[in-house]
Amino acid sequence: MNLKKLGIIIQREYLNKVKKKSFLIITFLAPVFFAAMCILPTVIMMGTKEEAKKVGVVDRSGIVLPYLEDNEVTHYIDLGPEADIDGIKADLKTAGVDVLLSVSELDPETRSLKADTYSEKPLGMDTGSMIEGRINDAVEAYRIEQSGIANLEEIMAGVKSNVKLRNYTIDETGKETISESGIYMALSMLLGIAIYMFIALFSGMVMSSVIEEKSSRVVEVLVSSVKASELMFGKIIGVALVALTQFLLWILLTGILVGAAMGIMGKDKIMGMMGDDSTTEMMQQMAGPAGMHPGDIDLESALAAATDTTAVAAGEPSGMEVVMSTLGNINLAQIGIAFLFFFVFGYLLYASIFAAIGSGVENEGDSTQLQLPVTIPLMLGFFVALYAFKAPDSSLVFWFSMIPFTSPIVMLARIPFGVATWELVLSIALLVGTFVVCAWASAKIYKVGILMYGKKSTFKDLWKWLKMK
């Protein structure tokens with residue numbers, strides 16, 4: 001292989017891509033999107049409040065109304081237990097209310113009641129949850145009173161437990177530091193998603209470039225001056241350099257935008273908002289019931305856990321202190337180096353395969369059936385990585401982190417939880433070895449396929465080209 005010609009092809013491919021308007025647009029718009037994803041949730045939580053509503057109450061139980069206290073978003077109006085519910089429902093505006101709350105009489109057997117709301121527009125989640133909570137408080141208080149047990153409320157308050165499990169990791173020196181699983185989970189998912197996006201995006205870019213040159217017949221001129229294998233590897237490496245350039249620019253520009261946003265809005269205000277009890281509760285509600293999906297993060301525990309023994313004695317630390325302490329337990333240098341290795345060789349593996357596929361078709365529509373078997377393992381790796389945090393050392397996750405077609409995604413998702421050095425080395429070795437074999441096979445297919453026209457290629461054709469000498 002002529003390294004001088006290879007360098008010229010790499011330079012041509014790199015400059016051709018970075019000079020395109022699409023590259024410039026994506027490079028500068030993507031950081032805006034990433035920065036918005038970091039800042040907007042906090043801004044939205046700070047700025048979204050429901051409009052004040054007048055809630056008409058028909059309380060036939062006689063126990064709920066005293067628990068309904070006015071606040072910033074709700075003003076309760078007692079319509080009396082004998083009010084005509086059907087008449088009020090028919091015309092809420094005439095009754096002077098936005099919402100009608102109807103509370104049934106108490107059921108003596110179950111010592112419970114039924115409650116319904118009626119409004120022209122659906123109630124917001126916060127308002128509905130708040131009203132429901134007040135009604136449950138009223139029913140609980142009633143049941144305590146009817147139990148006949150003296151000081152039952154105080155007894156129950158004394159019995160109720162609220163133990164927070166604090167997780168600590170012990171290093172080789174015996175030092176104990178906080179280890180919050182929610183932070184590891186978030187980092188694991190972030191790494192898995194990032195590597196999947198980059199491999200899928202830039203490998204597809206290689207295939208598109210091959211198809212574009214083949215359909216325009218430019219490739220016929222190129223292969224008259226250079227070898228087909230030089231052209232393929234030059235294209236792959238050129239796009240890889242484009243990917244790294246864009247990746248570094250994204251990190252730099254996103255950091256600048258996030259820093260500027262925090263400077264304008266106030267860092268203390270944002271951090272205070274993230275550590276606020278109401279914000280934590282809202283995020284937990286968004287995450288859903290515990291144990292359902294990857295969004296299940298015990299945020300309250302994460303924000304209340306202590307960073308070390310001294311901090312526990314002195315008082316509970318802030319959420320940011322917990323985050324920084326947990327991140328300090330993670331070998332960020334190892335993650336950075338592993339990310340680079342798995343990104344480069346994972347990309348090279350898939351890019352070589354996509355280049356071979358691109359050489360066998362004349363338009364992207366014809367490539368769909370050839371892409372499917374290649375994208376399936378990529379998708380499987382993505383889904384396994386999303387759930388790797390639940391059991392990072394399980395057999396399924398382990399083997400997916402070793403199989404070269406899924407290891408770039410799954411192994412990165414495992415690393416934050418700690419991976420044995422031999423596992424990491426073996427995974428990288430298998431990935432590099434598989435890339436070498438696939439690159440050799442793809443080069444043989446590319447050499448023949450790039451000059452084939454007028455026929456929709458199949459896997460049978462690719463196999464025949466591979467066996468040609």
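Of the 469 residues of the protein chain, 41% count as buried, where buried means under 20% relative accessible area, exposed means over 50%, and partly exposed lies in between (1.4 Å probe, protein chains only). The model is a predicted one, in which local features need pLDDT of at least 70 and side-chain atom pairs count only at pLDDT 80 or more, whereas totals for chains, interfaces and linings use all residues. Residues are numbered from 1 along each chain as its sequence is written, and side-chain values use heavy atoms, with hydrogens and water left out.

The protein chain exposes about 25700 Å², of which carbon and sulfur atoms supply 63%; accessible areas come from the Shrake-Rupley method with a 1.4 Å probe, and for residues only the protein chains shown count as cover. The secondary structure comprises 20 helices and 6 strands. Helices (H or I, at least four residues) and strands (E, at least two) are DSSP runs numbered from the N terminus. Contact means heavy atoms within 4.5 Å. Among contacts between residues at least 6 apart in sequence, 70% join residues at least 24 apart.

The interior may be considered next. In soluble globular proteins, nonpolar side chains tend to be buried together. A nonpolar core is here a set of buried Ala, Val, Leu, Ile, Met, Phe, Trp, Tyr and Cys residues joined through side-chain atoms within 4.5 Å. The largest such core has 81 residues, and those with the most contacts inside it are Val-206, Ile-236, Phe-339, Phe-342, Tyr-347, Leu-412 and Ile-415. Helix α15 (residues 332-359) contributes the largest share of this core, 16 residues. Leaving aside residues up to four places away in sequence, Ile-236 touches Val-206, Tyr-347, Leu-348, Ala-351, Ser-352 and Ala-355. A second, separate core of 15 residues includes Val-57, Tyr-76, Val-99 and Val-139.

Ser-407 lies in helix α18 (residues 407-414) and, at 0% relative accessibility, counts as buried. Apart from residues up to four places away in sequence, Ser-407 touches Phe-342, Phe-400, Ser-401, Met-402, Leu-412, Ser-427 and Leu-431.

Helix α20 (residues 459-467) has Asp-461, Leu-462, Trp-465 and Leu-466 as buried residues. Seen down the axis of α20, these buried residues fall within an arc of 140 degrees, so they line one face of the helix; the arc is that of the directions from the helix axis to the C-beta atoms. The face turned away from the buried side of α20 carries the exposed residues Lys-460, Trp-463 and Lys-467. The cover over the buried residues of α20 includes α15, α16 (368-386) and α19 (421-449).

Attention now turns to the strands. An open sheet of 4 strands has the order β2-β1-β3-β4, with mixed pairing; two strands pair if DSSP finds at least two bridges between them. At the edges stand β2 (74-78) and β4 (115-119), each with a single partner strand, so one side of each is left without a neighbour in the sheet. Neighbouring strands are turned by 25 degrees against each other on average, direction ignored. Axes are lines fitted to C-alpha atoms, for helices over the stretch in contact, and angles run from 0 to 180 degrees between N-to-C directions. Helix α5 (residues 125-147) packs on the sheet, touching β2, β3 and β4, and its direction makes about 50 degrees with that of β2.

Strand β1 is mostly covered, with 5 of its 7 residues buried. β1 and β2 pair in the parallel sense over 5 bridges, and Gly-56 has Ile-77 in β2 as its bridge partner. β1 and β3 also run parallel, joined by 5 bridges, with Val-55 opposite Val-99 in β3. By contrast, β3 (residues 99-103) and β4 pair in the antiparallel sense over 5 bridges, and Leu-101 stands opposite Thr-117 in β4. Ser-102, in strand β3, counts as buried at 10% relative accessibility.

Two loop residues complete the account. Arg-60 is placed in the loop between β1 (53-59) and β2 and is partly exposed, with a relative accessible area of 39%. Beyond its neighbours within four places in sequence, Arg-60 is in contact with Pro-81, Ala-83, Ile-85, Val-103, Ser-104 and Glu-105. Arg-111, in the loop between β3 and β4, is partly exposed at 34% relative accessible area. Phi of Arg-111 is near 50 degrees, a positive value in a residue other than glycine.
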